[in-house]
Amino acid sequence: MTSLVEALGVGIAGRLSPSSLAIERGQMVAVIGPNGGGKTSLLRALARTEDALGAVSVDGLDIDATGEALRRRLLAFLPATREASWPVAVTDYLKFGLGAPDPARIEELVDLLELALLAARPIDRLSTGERARAMLGRAIAGKARLLLLDEPLSNLDPYWVLRTVDVLRAEVDANDSAALVSVHDLSLLARFDRVLLVSGNAIVADGPPEMVLASEQFGTAFRVEPGERGWAIMGA
Amino acid sequence: MKTAATLVLLAAVAALHLLSPFGSLSVARGIDPALATTLLVELRLPRTLLALGYGMTLGIAGAALQALFANPLASPDITGSSSGAALGAVFASYWLGLTNPILMALAGALGAGLALLLLLAVAGKRTEKVALLLAGLAVSLAAGAATSLLLALAPSPFAFYDSFEWLMGSFTDRSLAQAAAALVPAAAACALLLRRARALDLMALGDDVLASLGHRPRRLGVEIICLSAVGVGACVSVCGAIGFVGLIAPVVARRLTHGHPGRALLPAGLIGAMLVMLADFASRSIPLDNAIPVGVLTTLIGTPVFIASLLSMRGRMAP
């Protein structure tokens with residue numbers, strides 16, 4: 001059986017050199033790396049933004065050859081920005097994540113992400129953390145096979161950081177899909193199946209969390225090491 | 001439901017615009033029914049059609065541009081197409097001596113097209129939104145200055161005076177041929193803009209998400225700019241510039257669509273049509289020796305509305 005996702009030579013000029021990778025069904029993959037290393041570019045290239053190079057197939061289908069309806073089932077992308085330009089109500093924002101009306105799914109998401117009190121409020125008037133939750137809801141609404149989430153845990157309080165990881169795990173298990181999640185908090189890596197370390201515009205390490213954390217590339221990329229009180233700056 | 005109510009209201013305003021003043025119509029009917037029909041079809045109908053179509057074009061183009069730039073302050077004027085069309089029409093009329101309405105409309109569309117080419121050249125191949133916005137401003141200022149220059153140096157000493165009423169926006173004494181010259185391209189542009197309404201809604205999620213859903217944000221941006229330029233340019237070359245409607249109508253329309261920028265295109269068109277017809281009706285009804293040009297009236301009414309919406313926006317950065 002082939003992998004769920006096959007990416008060949010994906011990259012973005014000047015940001016990420018062409019890289020190839022495969023992602024299996026049920027995998028929760030963390031994307032880590034220093035600022036400017038290329039995490040966002042990897043996610044954008046996989047999401048097929050206009051400047052993306054290479055080719056991505058999900059379930060054996062070439063993404064670039066699919067139209068909106070099919071593509072919604074294959075992948076969903078959540079950018080890192082929390083900006084909202086228009087005063088659209090939270091439930092309406094969730095509906096953007098669906099190709100066809102599905103009130104039951106919207107209700108389910110409102111419960112899952114505890115958005116009931118915010119449901120009727122315009123998304124541009126929520127706090128950043130609340131907006132982050134609503135935007136995540138939009139991205140997971142369509143139950144796409146591949147979730148590409150750029151820093152979905154930023155701006156969240158500790159409860160929602162842990163809760164979001166659980167929600168994502170449940171979605172991935174239920175839909176037999178996969179999630180690629182960029183994260184900054186290294187203490188969360190144990191909750192993922194696999195870690196991609198992106199640095200210097202390339203994927204420099206790829207493997208189970210404990211392996212990547214112990215790798216030489218990790219030290220070179222992050223310039224930190226385990227210390228007495230959590231992480232410490234290397235050589236300090 | 002809301003759309004149906006709006007349509008009924010629009011039909012009522014259009015009927016009012018077409019039939020009033022009713023007195024002269026019934027007098028004409030008393031003399032000769034054929035005279036009343038001629039009056040209605042040859043004189044009143046072009047005026048009503050132009051006000052309706054121009055207003056609708058301004059509303060739809062304005063809503064599309066605001067959705068594209070994710071900014072409630074964008075409007076058709078910012079593409080420079082209004083100014084470009086005025087420049088083309090002034091050149092054709094005062095320097096080439098053209099009077100044929102079709103040729104004038106063509107000159108206007110050509111002017112709008114040239115302004116557009118200049119806009120795309122200045123904004124560059126990457127066609128980023130801010131670059132487009134600034135380039136549009138530059139083109140529209142340049143075209144405005146060039147229009148004044150052409151008028152100042154025109155062979156006819158009355159050019160400035162003649163052009164005043166026309167450039168300020170007016171629907172008086174336009175023929176059915178002129179109405180067709182403006183409204184056929186405008187209707188085509190509006191139809192094509194409306195087909196992009198859903199993609200413009202999804203643009204609220206950002207260009208990258210739109211691309212991930214299989215759309216082409218950059219191409220969509222260029223298409224929106226071009227279609228707006230063609231539609232508004234054709235109307236300007238026949239009726240002159242009408243300010244603020246393209247700015248206000250979408251803001252009102254988005255209140256009906258719960259903030260959805262793409263879904264607001266059609267209601268914005270209906271509201272724009274109503275605003276322009278009401279403004280024209282008002283300009284006819286004010287008993288002055290010289291009629292106030294419609295464009296001046298919409299700007300006079302529009303400016304305080306605009307300032308009020310700016311003030312209400314300062315607290316919460318949304319329309």
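1. Start with the overall size of chain B. A compact globule of 319 residues would have a radius of gyration near 20 Å; chain B has 20 Å, which agrees. The radius is taken over C-alpha atoms, and the globule rule is 2.2 Å times the number of residues to the power 0.38. The C-alpha trace of chain B spans about 65 × 50 × 35 Å along its principal axes.

2. A word on the basis. This is a predicted model, in which local features need pLDDT of at least 70 and side-chain atom pairs count only at pLDDT 80 or more, while totals for chains, interfaces and linings use all residues. Residues are numbered from 1 along each chain as its sequence is written, and chains are lettered from A and ligands numbered from 1 in the order in which they are written.

3. Chain B has 14 helices and zero strands. Its elements therefore read, from the N terminus on, α-α-α-α-α-α-α-α-α-α-α-α-α-α. Helices (H or I, at least four residues) and strands (E, at least two) are DSSP runs, numbered from the N terminus. Of the 319 residues of chain B, 51% count as buried. Buried means 20 or more other C-beta atoms within 10 Å of the residue's own; exposed means 12 or fewer; partly exposed lies in between, with C-beta atoms placed from the backbone. Among contacts in chain B between residues at least 6 apart in sequence, 79% join residues at least 24 apart. Two residues are in contact if their C-beta atoms, placed from the backbone, lie within 7 Å.

4. Chain A is built from eight helices and twelve strands. The radius of gyration of chain A is 18 Å, close to the 18 Å that the globule rule gives for 236 residues, so chain A is as compact as a globular protein of that length. Its C-alpha atoms fill a box of roughly 55 × 45 × 30 Å along the principal axes. Buried residues make up 45% of the 236 residues in chain A. For contacts in chain A with a separation of 6 or more, 66% come from residues 24 or more positions apart.

5. Now the interface. The contact takes 20 residues from chain B and 24 residues from chain A. On the chain B side, the elements that give two or more residues are helix 10 (207–212) and helix 11 (217–239). Helix 10 of chain B gives the most, with four residues. By class, the side of chain B that touches chain A has ten nonpolar, six polar and four charged residues. Ala, Val, Leu, Ile, Met, Phe, Trp, Tyr, Cys and Pro count as nonpolar, Asp, Glu, Lys and Arg as charged, and the others, Gly among them, as polar.

6. Look next at helix 4 (residues 81–95) and helix 6 (residues 129–153) of chain B. Their axes come within 8 Å and cross at roughly 15°. That makes helix 4 of chain B roughly parallel to helix 6 of chain B. Axes are lines fitted to C-alpha atoms, for helices over the stretch in contact, and angles run from 0 to 180 degrees between N-to-C directions. Angles under 35 degrees count as roughly parallel, over 145 as roughly antiparallel, 65 to 115 as roughly perpendicular and the rest as oblique. The crossing is left-handed; that is, the near helix is turned anticlockwise from the far one by less than a right angle, and clockwise would be right-handed. Residues of helix 4 of chain B in this contact include B:Leu87, B:Phe91 and B:Trp95, and those of helix 6 of chain B include B:Ala143, B:Thr147 and B:Leu151. By class, the contact has eleven nonpolar, five polar and no charged residues.

7. A second pair is helix 5 (residues 101–123) and helix 8 (residues 176–194) of chain B, whose axes come within 8 Å and cross at roughly 30°. Helix 5 and helix 8 of chain B are therefore roughly parallel to each other. Their crossing is right-handed. Helix 5 of chain B contributes B:Pro101, B:Ile102, B:Ala105 and B:Ala109. Among the residues from helix 8 of chain B are B:Ala181 and B:Pro185. This contact has eight nonpolar, one polar and no charged residues.

8. Some backbone points deserve a check. A cis peptide bond joins B:Ser20 and B:Pro21, with omega about 0°. B:Pro21 is in the loop between helix 1 (2–19) and helix 2 (22–31) of chain B. B:Phe244, not a glycine, has a positive phi near 75°. B:Phe244 is buried, with 23 other C-beta atoms within 10 Å. A:Arg223 also is not a glycine and has a positive phi of about 55°. A:Arg223 counts as exposed, with 12 C-beta neighbours inside 10 Å.
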